[in-house]
Amino acid sequence: MIPEAAATRSRTCHDEGRSSGAVHHSEEDSGNENRQKRERRRKRAHKGSENVKRKRAKSSPGTGSQSRGSQLKQRHVEAVTLFEVVTMGRSAMQVVIDDWIQAYLTDRDFSLLNLISFFIQCSGCKGVVTAEMCQNKEDSDVMSKMVEDLDDVSGLQYKKFLAFPWILTVTWPMDTDGMEYPLIQSGPYGRWFHSEFCDFISVLVSQCQHSVLFDSYLMNTLISLLTELSNSYVRAFRHTCTLAGVKLLSSLVGVAQSLSVSIENSQKLYEVQKTKTTRQKSPLQLERIQKKITELQEKRAEIESIMDIIFKGVFLKRYRDVLPEIRSICVEELGLWMKLYSSAFLNDSYLKYMGWMMFDKIPDVRLKCVLALQGLYGDPLLLPKLDLFTSRFKDRMISMTLDRDSEVGVQTMKLLVLISRTCDDVLSPEDYKQLLQFVFSSQRPLAATAGELLLLNTPGGEALEGSNEEEAHTLQTVARLKALLHFYQESELHTHVVYLVDSLWDCGAALLKDWPTLTSILLKESSSQRSGLTQAEQAVLVEVLVASVRQATEGPALAGRSGVKKVLSVRDKKTLTDDCATLTEHLLMVLPKLLSKFSSSGDVVASLLKIPQYFHSECPQAENMQAVSSLMEEMDSILERHSGPAVLETAARTLLSLCGGQSAGSSIAQAARDALVQRWVDQLTARLQEDIFPADEAKTEETVAVLKKLRAFHNCHDLSQWNLLELLSPLLPVDASWGAAPPEVLLEVLQCLSFSVLWSLSRSSETLTTRDKAVAQRSQLRLFCERGHRCLSHADRRVRHQAFLGVCDVLTAHSYQLHVWDPSSFGPLLYIPSPKLQRALLAFVLLHVFVGPDSDGQAGAAEGDEEERLEDCHRRRALLAAYCKLIVHGVLEMSMAAEVFMYYVKYCNAFGDILKELLNRTRQTDKMESTRMLLLCLQQLFTRLRRGQESGGGAQPGIQTFTSIKELARRFALTFGDHVKFRECVVMIHRNGIEFVFQGFSQSPDAPTPPHLSYLTILSEFSSKLLKPDKKTVLSYLQKHTAEHAVDLRDDSWQPLAFYRASMLAAAEGEDAVSHVSSDRKLYLPNRSPNSKQKVEGSKSPCLLSPADSRTRAQRLSHPEKTADADPFSVPADPPAKNLTVATCVNEGDDDTVEIEM
């Protein structure tokens, strides 16, 4: 708003002379937005209400005159700028813009300067705006002054440009381009300002369209301003004024639309007047209407001319701007112009920009293009104008479904669905084949959109004459299902129907949840079906039925598919509950019939048996005892007929689901399960009493089938009451003589026995009430471990692996049982595996997991077959993980992992993740013990290498090269990331390594150097992990062990010591920032002299040390302020004493370092 005082001041300046005028916006005048934001928001409601009062007082009739109302308005409303009114809302904008129009009619120059200042302020500029009058727009001298440059003297940037009739100069600080202007501010303020700024421009054009919009002065000045600032090098000006320019064009499109409507109405009125008779016709009325039409057409032509100028001055220069936000704005507004004013903008001259911007490298720009095209293709009246564009850019749209940005791909697929629905014969069969593959995409939104496209192109069957409504519905459903089944069989892209059902669920839930129709189709005989479903199609339809049941009860949550809502709404939860009750009521009655029909097919039966797992137990129909009994009878007959793992595991899980609860149906299911298990146990008992294994293969197969059934059910159900451990344990070998049990029997027996022990351990809180029961449980655990130990050397690989996994699982469960047991109650007795068993487990891992390419013939066979190689790798990973769990749970000592970590580098790709997790878990338990385990690993490898070199033999298994050991040490060092957290561990590594090298060494002419001196080279990999004070401590500890020996660093045999010392000194001279954090007190950092670098370089020269060198070293260490940077291995000047203790190393009070106890 422009107050009265401001208007008077502007008129005074205007009367003094029009040669020059200036409006200054210093930093104090414009104010700090962040500091004044809260105050302006508090005033917003008051100002807005005052502006509304002013508007009502202006429009409503009152007792006083209009001048009195104006005086009242001036008395109650404080002056605000146009920039401040942006914060007041749309209603306040209309009032203030009306006042600005009135001021413009009085003094348009001053009002325009205020409007120009508004756009400068919206750009976040805190500088100065100066205006000079210009008489001739085409003056060459004036045009030569239009520059944007940097004043090096004042450090200010300035832009001078022509906004006729002024030459505007904007001066601002040079760091404005790096500041946050309102449009890019983070949080809700930036979005709110963007919306209010756009509303201001829209309200400005709307309020001016009937008054000053066509005076050829306001728009010319405004267009000149926005065109010049949108071409600025400063990002704030360019971004803000580009948005203002395109929004101004959008508002003018609205004005042009209203003019077109007025012209159309006037032409209709003119035609009506012309059709009247001569007596009713009025020439003056016709002339008046024609004159009005002409005026409206001239105004529309003028608006279109202005829009063309803005398009060429702003859009054409900025749609390829380096800033992606500006490109997005241009593309978004271009789509709006095409949709709202298609007569002018929807042609190939403008559509080409939309097509070009679909190749933009920024996803947001491409997304804006796709969203704009969705608006165009959604209007049937605009489709004829899009034919050429569609044919030209169809391939690009199809390729954008593979966009790396998921949202762009989803919206592009929606656009193609819209094109397929509205445009015929645009997408070819090859295009559909490519697009429909996305129903198996890992992104659920994209897959659901592709499912909509698939369902849109699925034809429905035609009803036959004389058929009723139900038959017509069935035929249509069958036709659509056949089309879906045909697509699934032809695609061969995925083997899981659940992903196809999930993709079709959002748009085709009514078809997929029509369970009565689906089951009626499956129950009909093939001869009676007009559709003629084949057996393969029936099998796929069963999978569709099961997948739809799962989707209706669990929702769209599939492994490997992202983009799913993790939290369901109340409405979604209610829908799931209702669907679950509906399918339970129907399928409980129909499922026995389906099982009876498809009982010969194991795969189909395994799929159908999954359905009861999704039944709603609280449904009234679930209490139907007759239906449950019929289902149990069918399952009984199926289990007698099939012994495949898929059928047995599914049946066991289904019975577990049906047996849960206290309903009548659950009691029937429990009774049926107990009868099944009792029959199998009786059969097995009768067969085991006979010597059947070497004699009759048929009976052996029957025994194996019974064992498979017991094993599958024992995995889900507690069968402890049948005491399978006592029944089956005699089948396991007692000594070296394996007996007559074949490997197939031993494999099933081992699994059954491990399940028995695991169930016993899990039910300990209920069963262990006396000591005798605890002793019996420990005896069972010991018996299984001993028998499993003997099976580790079985001839069959499957038996060996199963015995190892069973023993590891049982020992891990026992350890977990001891950790979670309540000490106040009677608990289980501790069982510790024998040392022989521990060594056997370690040897088994080393023999069967870490197998080289030439160690076993199986590896060579696996290399030829990728699938077999992957299966073998999976088995080895399972064995290693089972062994690592024993160490993590404390069953085995951490030192038992040293042998495993020796293969860390060689098998990093296959088992690196498991070994890293083992290292992290052991550190969480005891980081010092875990570090000792790593040291043991390195020292054992080094010792084996030394022995191999001394023996003089060739390459031997288990011996690694010195380079590989050093690489392993480097990998271990990388795991000590936090220097402060692992400070004691790293110091212990160096202390232990120094002791490993020098302990027990006696120097002699035959042995001048320690035999393990080369280990110092490996130890140097951990030097960078030491803190600065700890390096001094370790160096003194090293000096303690070398003081009693004659060390000649010029000799090649002592080079490892020189290398290790250099690795310690390399970083000891630099300031270690971590040491500041680790110190309990503020460290004293002595000033470095210019010659400190020379001292470090001099310390690396070869020197000769003798046992008598320690006295001077002790004397020098007694003055730490003088010898802070001294080399502990430098040559002394005086003969020192012999003995030097660790306590003499930097322990004086003057040096505030933290000392590690050695």
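Which residues of α36 are buried? A few notes on that and other spots in this predicted model.

1. Starting with α36: the buried set is L837, Q838, A840, L841, L842, F844, V845 and H848. Among the elements covering them are α34 (771-791), α35 (797-820), α38 (866-888) and α39 (898-901). The helix geometry checks out too. α36 runs over residues 835-848, and at 1.5 Å a residue its 14 residues should span 20 Å; the end C-alpha atoms are 20 Å apart, so the two agree.

2. While you're looking at α34, have a look at Q777, which sits in that helix. Its relative accessibility is 9%, and since buried means under 20%, Q777 counts as buried. Setting aside neighbours within four places in sequence, the contacts of Q777 are S760, L761, S764, L768, Q817 and P828.

3. Next, the α21/α24 crossing. Helix α21 (residues 469-491) and helix α24 (residues 535-554) have axes that come within 10 Å and cross at roughly 100°. Angles from 65 to 115 degrees count as roughly perpendicular, and α21 and α24 are therefore roughly perpendicular to each other. On the α21 side the contact is made by L481, K482, L485, Y488 and Q489, and on the α24 side by A536, E537, V540, L541 and V544. By type, the residues of this contact split into 7 nonpolar, 1 polar and 2 charged.

4. On to aromatics: searching the whole structure turns up 36 aromatic pairs. One of them is F850 with Y903, a stacked pair at 4.6 Å centre to centre with 10° between the planes. F850 is in the loop between α36 and α37 (857-864), and Y903 is in the loop between α39 and α40 (908-925), so this pair ties together parts 53 residues apart in sequence. Both F850 and Y903 are buried.

5. Another aromatic pair worth a look is F942 with F996, which is edge-to-face: 6.3 Å centre to centre and 75° between the planes. This pair links distant parts of the chain, with F942 in helix α41 (residues 927-951) and F996 in helix α43 (residues 983-998), 54 residues apart. F942 is buried, its relative accessible area being 1%. F996 counts as buried as well, at 18% relative accessibility, given that the cut-off is under 20%.

6. Last one: there is an aromatic cluster made up of F311, F315, Y319, W337, F345, Y350, Y353 and W356.

How values were computed:
Residues are numbered from 1 along each chain as its sequence is written. This is a predicted model: local features need pLDDT of at least 70, side-chain atom pairs count only at pLDDT 80 or more; totals for chains, interfaces and linings use all residues. Side-chain values use heavy atoms; hydrogens and water are left out. Helices (H or I, at least four residues) and strands (E, at least two) are DSSP runs, numbered from the N terminus. The expected span of a helix is 1.5 Å times one less than its number of residues. Buried means under 20% relative accessible area, exposed over 50%, partly exposed in between (1.4 Å probe, protein chains only). Contact means heavy atoms within 4.5 Å. Axes are lines fitted to C-alpha atoms, for helices over the stretch in contact, and angles run from 0 to 180 degrees between N-to-C directions. Angles under 35 degrees count as roughly parallel, over 145 as roughly antiparallel, 65 to 115 as roughly perpendicular and the rest as oblique. Ala, Val, Leu, Ile, Met, Phe, Trp, Tyr, Cys and Pro count as nonpolar, Asp, Glu, Lys and Arg as charged, and the others, Gly among them, as polar. Rings of Phe, Tyr and Trp (its six-membered ring) pair if their centres lie within 6.5 Å; planes under 30 degrees apart count as stacked, over 60 as edge-to-face and the rest as tilted.
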